[in-house]
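Student: I have this one open in the viewer. Walk me through it, please.

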Amino acid sequence: MQTLFIEKNADTLKLAVTKDGCLTDFTTVEKSNVNNIYYGRVQKLLQGNDAAFIEIMPGSFAYLSLDKSNTNFKQGDFVIVRIDREAIGSKSARVTDNLVFAGQRLLILPMRQVVGVSKRIESSAERERLNAILREINSEKVGIIARTASYGAGIDEMREEYEVLVARVNMTLKKAMFSKNPMLLYEDTSIIYDAKSRFFARDYDEVITSLPFMLDELKEKCKNAKITLYRDKGVSLFKFYGLDNKIAVKLEKRVELPCGGNIIIERTEAFTVVDVNSGRTSIMHDKNNQNLLVNKEAALELAKQLRYRKIFGMVVVDFIDMEDDNDRAEVRSAFLEESRFDSVKFKVFGFTDMGLFELVRENI
């Protein structure tokens, strides 16, 4: 029996999936300012006029690099900007004047003239089909990109989403026209939308939520599932069903694998190191097959752990030694198969001459 659990605490949305009581997937989505769009004022041009500090809200400032900007700003000018990196410690948030409006299948870039398809869609036939759809629906001649989720989508659903996003763009720009002071123009919720879309795409026997306002959406998206509203029993939904404890186990430094092996995850300033161990794996007659089994399970778990822990940057994995290149190819394929569910861009370098598996997961 597969069950989806959903709850929201303060500014954090939590989703978890269990199968026959075992936790198989989860995510937490925290409120973020990334991709929010602001009407800002140039507060100060930095030396050389290659960057500026923008007041995006009264008393709140962000850094704008002018290297790739086509506009010559002066102090006091107003500009529409998008946050592309949150403030970190004493560092201000970073903004860009390259605006992006995200939907499930499409990205609209009103300030750029580009038409394209996500690089993660590798089929040349599908890329050609999607490019044709983009040209057909793009009546406003805005920048438009088909996201990975557009794979297999029909022209009608693509056009419907396009029209919603273009209306959102026009509403945002119109709001800026009547603004006299720095302010938030558009609050992006695509990270929540992406998370829900990924989880709602599966088949469930039951969906349990503590959020009454989501019931109609769940009935529409999870038609074959029993929808249950969790009513307050003195503890949160996740705590009542033991999900908080199960998630804590998944986030421990050492993660157990079904075969008896384990992976140990250590994060450093420069990169993340993952060590794969055979652990209590029962000794098979063929040691190579045993190593392959542990490594494939580790590859599947690794792809999930990168999502669970929101690990970015360089990742180096020390799998159990494999002599056969075909075995290495199987392990790589196992990782890529599970990574289909990852909305974050990543690049796999594969196995080095030293037998280490390397990849980079882009920071968002």
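**Notes on the fold**

Tutor: N35 is partly exposed, with 21% relative accessible area; buried means under 20%, exposed over 50%, and partly exposed in between (1.4 Å probe, protein chains only). This is a predicted model, in which local features need pLDDT of at least 70 and side-chain atom pairs count only at pLDDT 80 or more, while totals for chains, interfaces and linings use all residues. Residues are numbered from 1 along each chain as its sequence is written, and side-chain values use heavy atoms, with hydrogens and water left out.

Student: What is the phi of N35?

Tutor: Phi of N35 is positive, about 75°, although N35 is not a glycine. The residue sits in the loop between β3 and β4 (37-45). Helices (H or I, at least four residues) and strands (E, at least two) are DSSP runs, numbered from the N terminus.

Student: And A10, buried or exposed?

Tutor: A10 counts as exposed, at 70% relative accessibility. A10 also has a positive phi, near 55°, in a residue other than glycine. Its place is the loop between β1 and β2.

Student: Which sheet has β1 in its order?

Tutor: An open sheet of five strands, ordered β3-β2-β1-β14-β15, with mixed pairing. Two strands pair if DSSP finds at least two bridges between them. At the edges are β3 (22-30) and β15 (226-229), each pairing on one side only. On average, neighbouring strands of this sheet are turned by 15° against each other, direction ignored.

Student: How many bridges join β1 to β14?

Tutor: Four, and β1 and β14 (residues 206-209) run parallel. I6 has T209 of β14 as its bridge partner.

Student: Which helix lies across β1, β2 and β3?

Tutor: That is α3 (residues 190-200), which runs at about 165° to β3. Axes are lines fitted to C-alpha atoms, for helices over the stretch in contact, and angles run from 0 to 180 degrees between N-to-C directions.

Student: Now the sheet of four strands. What is the order?

Tutor: β9-β10-β12-β11, an open sheet with mixed pairing. β9 (101-102) and β11 (115-117) each have a single partner strand, so one side of each is left without a neighbour in the sheet. β11 pairs with β12 (residues 143-146) in the parallel sense over three bridges, and V115 stands opposite I144 in β12. Helix α1 (residues 124-137) packs on this sheet, touching β10 (106-109), β11 and β12, at about 150° to the direction of β11. Contact means heavy atoms within 4.5 Å.

Student: Changing topic. How many aromatic pairs?

Tutor: The count is 13. Rings of Phe, Tyr and Trp (its six-membered ring) pair if their centres lie within 6.5 Å; planes under 30 degrees apart count as stacked, over 60 as edge-to-face and the rest as tilted. F5 and Y241 make a tilted pair, 5.0 Å centre to centre with 50° between the planes.

Student: Where are F5 and Y241 in the chain?

Tutor: F5 is in β1 (residues 2-9) and Y241 in the loop between α5 (237-240) and α6 (243-250), 236 residues apart, so the pair links distant parts of the chain. F5 is buried at 5% relative accessibility, whereas Y241 is partly exposed at 34%.

Student: Which residues do ring pairs link into a cluster?

Tutor: F319, F335, F346, F351 and F357.

Student: What lies over the face of F199?

Tutor: R202, at 4.8 Å from the ring centre. The criterion is NZ of Lys or CZ of Arg within 6 Å of the ring centre and within 35 degrees of the ring normal.

Student: And the largest nonpolar core, which residues touch the most other members?

Tutor: I263, V276, V317, F319, F335 and L359, in a core of 26 residues. A nonpolar core is a set of buried Ala, Val, Leu, Ile, Met, Phe, Trp, Tyr and Cys residues joined through side-chain atoms within 4.5 Å. Elements that each supply at least two residues include β17 (262-267), α8 (325-338) and β21 (357-361). The largest share, seven residues, comes from α7.

Student: What is F335 in contact with?

Tutor: Leaving aside neighbours within four places in sequence, F335 contacts A299, L302, A303, L306, F346, V348, F357 and L359. There is also a second, separate core of 25 residues, with I37, I133, V142 and V169 among them.
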